[in-house]
Amino acid sequence: RGGLRGRRALVTLEVALAIILVTGTGLMARSLQEVLSVDLGFEGDRMLVATLSPGTEAYPERGDVGVFWETARSSVEGEAGVEGVGTVSHFPLNHETFPIPFQAPGAEDLPVEDWPTALTSQAGPDYFDAMGIPLLAGQAFARGDQGEGNPVLISRSMADRLFPDAQAVGRTVFYGSGEDPVPGTVVGVVGDVRYEDLTSPMRPHLYRPFEGTGARRRFLAIRTPGDPAESAAAVRRALQGVDPSVAVTLRPAVEIVRESTLLWALSSVFLGAFGLIALLLAALGIYGVIAFSVAQRRSEIGLRMALGADGGALQRSVIADGLRLTGLGLVTGLVLAVVLAGLARNLLYGVSILDPVTVTVVVALFAGVALAASALPAWRAARVDPLRVLRDQ
């Protein structure tokens, strides 16, 4: 009896550990599902991203750089099937951001260190249309025209913060980290975009035109008719035709987005692998203990059947024993899983530590495991020959 208690305690511990790992896997998988469904603010499914940086020897002047990029954009746009091409200095979720202080008129005299910050990028006229970023008010930048009053585009969250009760278009925004902030005239408001990561709130964003700047390294956002990989070869040929000496890096936008899901994906894989091993060990443990218990109770079972006990009732009794064993480990494991999930709350996104879907799946899974592991010993118990048992006694 003491040895059986020890085995049952060991199996309970195995089940509890398996519960912790499988629950963790479920929570991370659910977090990954939630992360993949967040609104990016742009359409990246059919997007091909090209990165180029013309050198200083071939393109020494700002005007030369501008001509190169306009030629590159036009060459790609001329490819059959390309639906849109836009240029930007910082591509969303590419782990490159540039924050800048900003302020509304009337508060520009405050110390710059007290100003709120926004992300900033330089963008071409066709960038927002190519990316599927909605233009909510005003207009985009005009091609070849720097405009008057230093035109800027701001995101919806920035417009709501600066001008909550008034139209933003035509208003002035001060930005910059120096002693003399730069005034910019808002010509349009665009939708918010996730630039930093997939889980943080969308930060305000200020866009400035490329015209008149010497930014060399830029991104081409290329909207393709279907799978971006199918258009990669034609796009590469078009860009190399502009200048073969300029290196071209091409990536589907979905790959860039996928990098931001790496934490949840790797956690799900590793926890899932260990959870599967723990689940198999728990199933073997349940089977071993129940089978050993049935073997030790062979005489008792035979005597019961000789006195008229029902085989089905004996089967249900053995299976119930397996379920009780699993239930104790299940309760212990779920309590420990909730405690550990609370400590790792920062790794979860969009799910609670008591996510009902995860808990329901875990309970159903381990109930099935207990039934499967107890079925064979229960079948054997119901087929004990009472005459042979009585002869042996």
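Helices and strands here are DSSP runs, numbered from the N terminus: a helix has at least four residues, a strand at least two. By that scheme, Leu93 sits in the loop between β2 and β3. Keep in mind that this is a predicted model.

**Stop 1**

Select Leu93. Its phi is near 65°, a positive value in a residue other than glycine. Most residues other than glycine have a negative phi. Is Leu93 buried or exposed? Leu93 counts as buried, because its relative accessibility is 0% and the limit for buried is under 20%.

Now select His95. His95 is found in the loop between β2 and β3. His95 is not a glycine, yet its phi is positive, about 60°. His95 counts as exposed, at 52% relative accessibility.

Which residue meets the side chain of Glu96 in a salt bridge? The partner is Arg217, at 2.9 Å from N to O. The pair links distant parts of the chain: Glu96 is in the loop between β2 (84–88) and β3 (99–103), Arg217 in the loop between β9 (205–209) and β10, 121 residues apart. Glu96 is partly exposed, with a relative accessible area of 26%. Arg217 also counts as partly exposed, at 37%.

**Stop 2: aromatic rings**

Show the rings. The whole structure holds 6 aromatic pairs. One of them joins Phe42 and Phe91 edge-to-face, 6.2 Å centre to centre, with 70° between the planes. Phe42 lies in the loop between α1 and β1, and Phe91 in the loop between β2 and β3, so the pair ties together parts that are 49 residues apart in sequence. Phe42 and Phe91 are both buried.

Move to Tyr59 and Phe68. How are the two rings arranged? They form a tilted pair, 5.1 Å centre to centre, with 55° between the planes. Tyr59 is buried at 13% relative accessible area. Phe68 is buried at 3%.

Then pick Arg218 and Phe210. The charged end of Arg218 sits over the ring of Phe210, 4.0 Å from the ring centre.

**Stop 3: the nonpolar cores**

In soluble globular proteins, nonpolar side chains tend to be buried together. How many residues does the largest nonpolar core have? It has 36. Select Phe91, Tyr127, Phe128, Met131, Ile133 and Tyr207, which have the most contacts inside this core. Elements that each supply at least two residues of it include α1, β1, β4 (117–123), α3 (127–131), β8 (182–190), β10 and α6 (253–259). The largest share, 4 residues, comes from α1.

Zoom in on Phe128. Leaving aside neighbours within four places in sequence, Phe128 is in contact with Ala123, Ile133, Leu153, Val190 and Tyr207.

**Stop 4: salt bridges**

Show the charged side chains. How many salt bridges does a search of the whole structure find? The search finds 10.

Select Arg30 and Asp355. Their side chains meet in a salt bridge, 3.0 Å from N to O. The pair links distant parts of the chain, 325 residues apart. Arg30 is in helix α1 (residues 2–36), while Asp355 is in the loop between α9 (311–343) and α10 (356–382). Asp355 is buried, with a relative accessible area of 5%.

Next, pick Glu43 and Arg223. They form a salt bridge, with the closest N and O atoms 3.7 Å apart. Glu43 is in the loop between α1 and β1 (47–52), and Arg223 is in strand β10 (residues 218–223). This pair, too, links distant parts of the chain, 180 residues apart. Arg223 is buried, at 8%.

Terms used
Residues are numbered from 1 along each chain as its sequence is written. This is a predicted model: local features need pLDDT of at least 70, side-chain atom pairs count only at pLDDT 80 or more; totals for chains, interfaces and linings use all residues. Side-chain values use heavy atoms; hydrogens and water are left out. A salt bridge is a side-chain nitrogen of Lys or Arg within 4 Å of a carboxyl oxygen of Asp or Glu. Buried means under 20% relative accessible area, exposed over 50%, partly exposed in between (1.4 Å probe, protein chains only). A nonpolar core is a set of buried Ala, Val, Leu, Ile, Met, Phe, Trp, Tyr and Cys residues joined through side-chain atoms within 4.5 Å. Contact means heavy atoms within 4.5 Å. Rings of Phe, Tyr and Trp (its six-membered ring) pair if their centres lie within 6.5 Å; planes under 30 degrees apart count as stacked, over 60 as edge-to-face and the rest as tilted. A charge sits over a ring if NZ of Lys or CZ of Arg is within 6 Å of the ring centre and within 35 degrees of the ring normal.
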